Every structure is written in C-alpha cells, then in structure tokens.
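Hello,

Here is the structure you will be working with. Please have a look, and then read on for what I found in it.

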Amino acid sequence: MSNLLNETKNKPLPLKIAGIGRYLPERVVLSSDLEKKYGLPEGWCEEKQGIRERRWVENETATFMGTEAAKEAVSDAGLTFSDIDLIINASGTPDQLVPDGGPLLQRELGMGKSGIPAVSVNASCLSFLLAIDISAGYLNMGRYKNILIVSSDVTSCSLNYSKPENFTLFGDAAAAAVVTLPEEGEESCIYSTLFKTYGYAADYSAVFGGGTSMYPLREDAKPEDYYLTMDGRELMKVGFNYQPDFVKELWERCKDYCVMEDIDLVIPHQPSRVVLDYLGLIYEEEKIMRTIGRYGNCVAASAPLALYDAIKQRHLSRGDLAVITGSGSGITFGGIVLTY
C-alpha cells in the first residue's frame, strides 16, 4: 500500500468542474451609503478595502441562497438532480448548528426523501477548496459520480458595526459547482493540493459564541460573543510570514507537470484588497481574478463566486491552468492547482 501511495501522490488527479452557479442577494449595499451612515470619510471603503459595493440579505437564508446557486450549477452541467449522488455543503456560516447545513440544503432542493448523502465541511473561507479536495478522492475511488458542492454564506447578521474595518468588508452570497470525472480526451485534473494550519493564531479571526464553550445560558454570555472578531494587523503578519513558503511548496508538488509561470489565472478567495495586492507580488497582477470590489469578502462563497465570474466572463477556458487559493480562520492556507 505504501508503494502505491508513493507512486500516485504526485500524479495529476482527474477532476472536472462540470457546472457552476451562483446566487446574489437582491439588496445592494453601496460603500458610499455605509460611509454616510456610519460617519466614515468619503471613499474610505474603496481606498482601504477596494470595495465599492456588496450584497446583504434581507429575507434570504443561507440555505435558500445555496439552493438557488445549486439549481444553476446542475443545469449548467447538463444534469438533473437525479444525477447527483452526493451533496457537500461547504459553508462557513450555516443557518443552524444542528443538523448541519447538508440535510437542510437537500430538503430545500426537494430531495429530502431521496436518501442521497448530504454532508457539511466547514473550513471557514476555505470550505469550497476543501470540498473540491475531498471530492477528487471520492470520484477517483469510484464512490460517487456527480458531486454537488454548495458554498453559501451570510455574515451580515454577525458584524460589529462599531468596527468599520470589519462590517464594511463582508458580503453575503452563494456559489455552487458540480464536479465529476472528465470524459476521455478531456484534460481537466488537479496537479497539486495543499493546506497548512497555524492554530496559534486561531483567535485572530473568530466567532467565540455558539459552541459549548461560550454558550447562550452562561452567566457571563453577551451579544458580542456572536460577533465576528478580527485582528487585521495580526492576520497580515501571519500571511507575510507563511504565504511565500506556502506558494513555493504548492508549486513544488506539481513541478513535473506545470510551473507557476504557466499559470493562466489566479482565483483567490477575496479576503481584502491588501491581501490581493500582496498576491500581485507573487503572481502576475493581470492574472489575478479580483471580485472584491463588487461583492466584498463572502467567506467560503468568495472563491467559487470568483470562479463563476472567471468562467462566465471568459477569463478561464477549458484547458487553462489555474490556481484557486486563499486563507481562512484557523489560520489555514489552502491552494489547488488545476487544469479547468
């Protein structure tokens, strides 16, 4: 078994993103309106964060948004829901803790009596990347044929409006993808996948309430426990310390098949303008897909939302070499090098 693992671990793993979909809340929140309402200097959001607007939910739930994105993704793949044999809810902000969002999504899709497995993975902003990695293993083991991955996140309900650098950064959105094995003659595959976690920095981006540690009935519980808290300065330090070596290792793993200079498009999770600018020092700036200006940081939905725009706007075509990359609470770095 160990010899088999050594022979296969660095070989391309077939996987095809067969369909893509998204849902954007109807409510558009302009940065200029937030600046006026909360007394921020004119142009502050775009200067500091590169964000002109974002979407916030009104009556939509994460499950509803994910369902709408899933419908488009399955149709885009030329399939029906009867063709799907696994649903992965890959979101950082579920509607509720129990049950996880997988069964809720399955039910909303009208598949509540299908018996099709519907599970969740939660790696914060990297949930979609982790679901792709998991799906690649399942597909190549022959366990499933068509996997639906859904990332749907609502952060507007947990923002601290006393901290402008926090509440102006985030948006709500959903995106979904159908992944399967490529047909004969198709080149779609994964060359390299890498995740690295530095748990010493876990408190730099967190929601402390809602679990068994800081639960609602504690005598010292307070509403602020359920706000998203971020220490941007410390987060940037972690990124500067580990991102260069992370990128080097990610590409080292696939050096026999492709190199970073061959890249056609970089599809980042959209954490902030500063992080995207930093990526521009590693990759060619014109190859970086930026969507933060229109959507803000949409947590796990950010990466597939950027992927959606890349495909629909023809920045990414079949056979192109791309990297999907990002970072999430934990702190975890993630990256996947693939041929679309």
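Let me start with a pair of strands: β13 (residues 321-328) and β14 (residues 332-339) run antiparallel and are joined over eight bridges. Strands count as paired if DSSP finds at least two bridges between them; helices (H or I, at least four residues) and strands (E, at least two) are DSSP runs, numbered from the N terminus. Within this pair, L321 sits opposite T339 of β14.

A word on the source: this is a predicted model, in which local features need pLDDT of at least 70 and side-chain atom pairs count only at pLDDT 80 or more, while totals for chains, interfaces and linings use all residues. Residues are numbered from 1 along each chain as its sequence is written, and side-chain values use heavy atoms, with hydrogens and water left out.

Both strands belong to an open sheet of five strands, in the order β1-β9-β14-β13-β12, with mixed pairing. Its edge strands, β1 (13-14) and β12 (265-268), each pair on one side only. Helix α6 (residues 127-140) packs on this sheet and touches β1, β9 (189-197), β13 and β14, where contact means heavy atoms within 4.5 Å.

Now the cysteines. With a disulfide taken as a pair of cysteine sulfur atoms within 2.5 Å, the count is zero. For C45, the nearest cysteine sulfur is that of C298, 15 Å away. C45 counts as buried because its relative accessibility is 0% (buried is under 20% relative accessible area, exposed over 50%, partly exposed in between; 1.4 Å probe, protein chains only).

Best wishes

Methods. Axes are lines fitted to C-alpha atoms, for helices over the stretch in contact, and angles run from 0 to 180 degrees between N-to-C directions.
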